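Here is a short briefing on a two-chain model. Please look over the sequence and the structure first.

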Amino acid sequence: MTIELTTADDAIRFGRSLGMSLRAGDLVLLAGPLGAGKTTMTRGIADGMGVSGRVSSPTFVLARVHSAPDGGVALVHVDAYRLGGDLSELDDLDLDAELEQSAVVVEWGEGLAEPLSEDRLVVRIERHADDTRTVSFEPHGTWKARVDTLP
Amino acid sequence: MAKIIMGIESSCDETGVGLVAAHDDGTVELLADEVASSVEQHARFGGVVPEIASRAHLEAMVPTTHRAFDAAGLSMSDVDAVAVTAGPGLAGALLVGVSAAKAYAAALDVPLYGVNHLAGHIAVDTLQHGPLPTPCLALLVSGGHTQLLRVDDIAGAITEIGSTVDDAAGEAYDKVARLLDLPYPGGPPIDKAARDGDPQAIAFPRGMTGPRDAKFDFSFSGLKTAVARWVEGAQGRGEEVPVADVAASFQEAVADVLTAKAVRAATEAGVGTLVVSGGVAANSRLSTLARERCAEAGIELRIPRPRLCTDNGAMIAALGAHVAAAGHKPSSLDLSANPGLPVDTVLV
């Protein structure tokens, strides 16, 4: 299954519906080249989850925790671009967040962040010359059954 | 009698210890500025490892402190107050500086001030150019931050007017450098490559400059994507990428938006002084364009020298000096690091 995204608004809209289906313990790996729209999609995910705080690129700070105002599932937004070594535990990031209460979205995390959770969804974004994007999925764990529920 | 303030910075890769003298006339004098960097250690691992950043701070803290006192010709008993970065930054890294500062403050029985890293980047200018006229405007540009701030009082009243909605300016430099096969951090090599290039060669987009965009916010993600597409296009056609022209055109787009928005904000607010600080302030095109546009608009421009623009302990000592001189209540010894400390909280 693939999805075509024509504009940045499409990426946010898709992110929003993905965000609405995220549970605590979920791991989403966003893959794609520079400028694919990973941070833009994460902005939609945050909106769908209803978490607080402005989503901007966490490349420099490595990770940012967006908590849910109602004590619900928090979003941990990680950027592994500058990270050396793998990411086997959330503790490696020195965050004040527990995987049991959060969904983790990792940019540039392929080959690094897989050990974080069995229930992971790889979202691959391909950018075309006309600036449209094709999104494809690689589901693991419970995502094998859940991926079909995505729009 | 001058008061000696010690400043400790450990929010990211640099362990900094600075010493300043706060004089009765309000001037603050730089006595020592020692920095140890863990950038090389990270390079060995091909990136930042938070654990290693924290450990590197831990290992560097005491030697860096000793170097600072040696350089200033002072002893620890001369210290009248200790200031430390309480945030924003990496949690584990901040914790090392905060713990050290608490220990020094407790052992020396002097006040402790937990202060804001971002405000420190502005306060550092007073070490070079004297007391800040207020209100003034500050453009803070670094690897992690891109913010336009209004400063009514460096010791307490700082308001954000605008900030980046996606990537920081310095981050865009790092990513474009990677696209062009230039080394990390990307600022200096792009600046150097741009010298031989034509800044008008490629019309890269100016983010957030449309009529409906937030007037004083920034966006550099679209610019980064435009550069990526342009480079891929050239490669796809089998052409050699004109690195100098791409670097110069990219740098022009960044400097253009940063300076245009900063000068416009100063003009609209009727503020006569602009401070440009943070690591990217060392960029030659940014400083040249800022100088031109400030001169046209009749705005005084203050850019601290490059050594003061990057992270250091002297900036925290300088901010501590201003906070102490303003008579603010010191922080408690229960002070904790706050990775997400908002810019309007100068003192914790």
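This is a predicted model: local features need pLDDT of at least 70, side-chain atom pairs count only at pLDDT 80 or more; totals for chains, interfaces and linings use all residues.

Residues are numbered from 1 along each chain as its sequence is written, chains are lettered from A and ligands numbered from 1 in the order in which they are written, and side-chain values use heavy atoms, with hydrogens and water left out.

**Interface**

- Chain B puts 30 residues in contact with 25 residues of chain A (contact: heavy atoms within 4.5 Å).
- About 2300 Å² is buried between the two chains, 51% of it on carbon and sulfur atoms. Buried area is the accessible area (1.4 Å probe) that two parts lose on being put together, summed over both.
- Three salt bridges link chain B and chain A (a side-chain nitrogen of Lys or Arg within 4 Å of a carboxyl oxygen of Asp or Glu).
- Asp131(A) and Arg229(B) form a salt bridge, with 3.5 Å between the closest N and O atoms.
- On the side of chain B that touches chain A, α2 (50-72), α3 (91-108), α6 (169-179) and α8 (221-236) of chain B each supply at least two residues. Helices (H or I, at least four residues) and strands (E, at least two) are DSSP runs, numbered from the N terminus.
- α8(B) gives the most to that side, with five residues.

**Second largest pocket**

- Its volume is about 650 Å³, the space filled by probe spheres set on grid points joined across faces, edges and corners.
- A pocket is an open set of points on a 1 Å grid over the protein atoms alone, where a 1.4 Å probe fits, with protein on both sides within 12 Å along at least five of seven lines; lining residues have an atom within 4 Å of a point.
- Of the 31 lining residues, Ala8(A), Thr40(A), Arg133(A), Ser221(B) and Thr225(B) are closest to the centre.
- α1 (8-20) and α2 (38-49) of chain A and α8 of chain B each supply at least two lining residues.
- α8(B) gives the most to this lining, with six residues.

**Backbone**

- The Gly87(B) to Pro88(B) peptide bond is cis, with omega near -5°. Pro88(B) is in the loop between β4 (81-87) and α3 of chain B.
- The Thr134(B) to Pro135(B) peptide bond is cis, with omega near -5°. Pro135(B) sits in the loop between α5 (125-129) and β6 (136-141) of chain B.
- Asp131(A) is not a glycine, yet has a positive phi of about 75°. Asp131(A) lies in the loop between β6 (120-127) and β7 (133-139) of chain A.
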